Amino acid sequence: MLKIFKRTKEDDVYSPVAGTCIKIEDVKDQMFANKLLGDGIAILPSKETIYAPIDGQLIMLANTKHAFGIKNKRGLEILVHVGLDSVKLKGKGFTVYKELHEHVRKGEAILSFDQALFEQEQIDMTVLIIITSKSVITHKTYGQVSSAHNIMKIAS
């Protein structure tokens, strides 16, 4: 089939938290800023609850509760990572509402974090949304967003 007739399918990715979307390159952690785990977007959160950015299955839930991975039916995989160096908390200050392998819908609460504890421990609260599958980001939204705001379009 000729490429001009091939249809590209796009997935919408929604903000998992209210806040301000910034470029991943502007994150204060070089591993994320240099996209070593994949491309994506970062959010400076204004709320503490983290929601599912897509419909899918939880394929990874860190023992330290600071990150989860989700995969949709079409194979799009997303890593949501809460805080820079938050792994040092060893799960303290996090509450998880879902279980590994559970199917979730966009907008369902996955976990929350204690903003006061992050501030006390001087942990950057930046939330990262990283596309870990072989996909192409065709659009990113920056600025103020709600937890239901479409922040990325992904072509596959």
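Tutor: Asp, Glu, Lys and Arg count as charged; Ala, Val, Leu, Ile, Met, Phe, Trp, Tyr, Cys and Pro count as nonpolar; the others, Gly among them, count as polar. Keep that in hand for this predicted model.

Student: How do the residues of the lining of the largest pocket divide into nonpolar, polar and charged?

Tutor: The lining has 15 residues. Those nearest the centre of the pocket are I54, D55, G56, N72 and K73. By class, the whole lining divides into 3 nonpolar, 4 polar and 8 charged.

Student: Which element gives the largest share of the lining of the largest pocket?

Tutor: The pocket holds about 260 Å³ of space. Elements giving two or more residues to its lining are β1 (10–14), β5 (56–61) and β9 (103–104). The largest share is 3 residues, and it comes from β1.

Student: Is strand β3 mostly covered or mostly uncovered?

Tutor: Strand β3 spans residues 40–45. Buried means under 20% relative accessible area. Of the 6 residues in β3, 5 are buried, so by that cut-off the strand is mostly covered.

Student: Which residue in β3 is the bridge partner of I22?

Tutor: Look at strand β2, residues 19–23. Strands β2 and β3 pair in the antiparallel sense, over 5 bridges. In β3, the partner of I22 is A42.

Student: Which residue in β11 stands opposite I41?

Tutor: Strand β11 covers residues 127–131. It runs antiparallel to β3, and 4 bridges join the two. Opposite I41 stands I129.

Key. Residues numbered from 1 in each chain as written. Predicted model: local features only at pLDDT ≥ 70, side-chain atom pairs only at ≥ 80, totals over all residues. Heavy atoms only, no water. Buried < 20%, exposed > 50% of the residue type's maximum accessible area, 1.4 Å probe, protein only. Pairing = 2+ DSSP bridges. 1 Å grid on protein atoms, 1.4 Å probe; cavity = no way out; pocket = protein on both sides within 12 Å on 5 of 7 lines; lining within 4 Å. Points joined across faces, edges and corners; volume = space filled by probe spheres on them.
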